[in-house]
There are 2 protein chains.
Amino acid sequence: MPAAQLSRDDVVARLLTVFRHRGYDGASLQELSKATGLGKSSLYHYFPNGKDDMVRAVLASLDEQLREQVFAPLRAAGAPARRIAVMIRALDAFYAQGTAPCVLAQLVLGSTHARFRGPVRAIFAEWVDALATVLVDAGLARRTATARAQDAVLRIEGALVLAGGVGDTAIFARTLKRLPADLLA
Amino acid sequence: MPAAQLSRDDVVARLLTVFRHRGYDGASLQELSKATGLGKSSLYHYFPNGKDDMVRAVLASLDEQLREQVFAPLRAAGAPARRIAVMIRALDAFYAQGTAPCVLAQLVLGSTHARFRGPVRAIFAEWVDALATVLVDAGLARRTATARAQDAVLRIEGALVLAGGVGDTAIFARTLKRLPADLLA
DNA sequence: TGGGTGTTGTACCGTTCGGTACACCCCTTC
DNA sequence: GAAGGGGTGTACCGAACGGTACAACACCCA
C-alpha cells in the first residue's frame, strides 16, 4: 500500500520502465524512488536487498506478463498465423512501437549479465519454446521450428537496438510485419 | 606514450573492451584505469573530458576499424557473395564468435543513448549503406536492398543479445552462416 | 481506547563516484 | 647541465552512490 494508492504491481511496472531505459547501473535509487513515489526507506521495505530485489521483481512480473499475453496465446488452440498475430500485437504495445528498450537486452549486456542469467535465460527460452510450438503445429520439424523461433526473437531484439540506434521506429514496425510470413514460410 | 609502451590505439582498444562489457554507466574510472594500465591522471591527460571523451575515441576507432575491415571490402569490386563473406569473417572475429557484446548496442540502450546518438547513428547508417551497395550490385532494387541490409545488421545485433541471454553462442554462429543466403536470395 | 502492525520521512553511514591540483620525474633539446 | 615539457603518482575534492537506523506515523482490530 504505497503512498499514492499504487499497488505492488504498479510499483514494479514503474521500476521496469526505469530499468529498461537506464539499465541496472544507470538506474539510481534516487530515480527509482522518484519514479515510484516511494522514499528510499519504503523501497527497502518492499525490496530488502535493494536494486537486486527490484530487478528480480521486475523479471518475475515480466515473466508473468509475457506468459499470459504472449506465451499462452502462442500455445493456445487456433490457426498458427492467428496466434502469431496475437503475439505481434502484444509486442508492439509492450515495446511502444519500438521506442522502448527491452529490459532483457539491458540485463544481458552490461555488468549484470552474470547476476540475472537464470531468470533472463528462462524467459528467452520460454519465448523461443512457445514460438517453436506454433511452428511445429504449422507442420515444421522441431529443429527448424526452434531455429526459426530463435531467429524471430533475435530479430525483435535486434530491431529494437537498430531502431534506437538510427532513430527510425519504422525498422521495428517492418520487422514485426514481416515476422508471420518469414516464420510460416 | 603510456607506461607500458602502449600506443594510443592500444589504449583505446582496451577502453573499448571495458565499455562493451560494462556499458557506459558500469565502466568506472577505476576499471578503465586498470584495463589500460594508466593512472587516473594520465587518463585525464589523454581524455580531458573523462569518460565522454573516451567513448568518443572508442567510437572513432570503431568507425575507422569497421571502415577498413567491413565497409571498404563491402564496397570493393568482386563477387557480392565474396564481399559478404569478408564482412562475416571480420564480424565473427570482432564479436569473438558471439561472446563479446556490441558497444553500439550498449550505448543505444542505457542512459547514454542521447549523448552519443550522432556517432552511433553514423556507424549504423554506414554499415547499412555499405551492405545495401553490395545487394544493389547483386541486382536488387535500392529499396529492397536497404531493407535487407537493415535486416542483416539487426539480426547480428539481436543474435548477440539472444546468444548472451541464453548462453548459446551457436545462435550467433548460425545467424552469421545464414546471412549470405538470406541476403542474396 | 489502546495496542500492534505496516509504512514512512529524516538523518545518517561508509564507500565509491567522476574529476582536479600539484609536485615530481624522465627525457629531450639546447 | 640547465631548461622545458610531456607524462605520471599521490593526495585530495565535493557529490552521489547504495544502504541502514530509527522514530513517528496511520490505520486496523480488539
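Ala, Val, Leu, Ile, Met, Phe, Trp, Tyr, Cys and Pro are counted as nonpolar, Asp, Glu, Lys and Arg as charged, and the others, Gly among them, as polar. The model is predicted, so that local features need pLDDT of at least 70 and side-chain atom pairs count only at pLDDT 80 or more, whereas totals for chains, interfaces and linings use all residues. Residues are numbered from 1 along each chain as its sequence is written, and chains are lettered from A and ligands numbered from 1 in the order in which they are written.

Around DNA strand C there are 17 residues (C-beta atom, placed from the backbone, within 6 Å of the strand), and the closest are A:G39, A:S41, A:S42, B:S28 and B:G50. This surface, which divides into six nonpolar, eight polar and three charged residues, receives its largest contribution, four residues, from α3(A), helices being DSSP runs of H or I with at least four residues, numbered from the N terminus.

DNA strand D is likewise surrounded by 17 residues, of which A:S28, A:L29, A:G50, B:G39 and B:S41 are the closest. Here α3(B) provides the largest share, four residues, while α2 (29-36) and α3 (40-46) of chain A and α3 (40-46) of chain B each supply at least two.

Between the protein chains, 36 residues of chain B are in contact (C-beta atoms, placed from the backbone, within 7 Å) with 35 residues of chain A. On the side of chain B that touches chain A, α1 (8-26), α6 (103-108), α7 (117-137), α8 (142-166) and α9 (170-184) each supply at least two residues, the largest share, 14 residues, coming from α8(B). The residues of this side comprise 17 nonpolar, 12 polar and seven charged.

Key. Contact = placed C-beta atoms within 7 Å.
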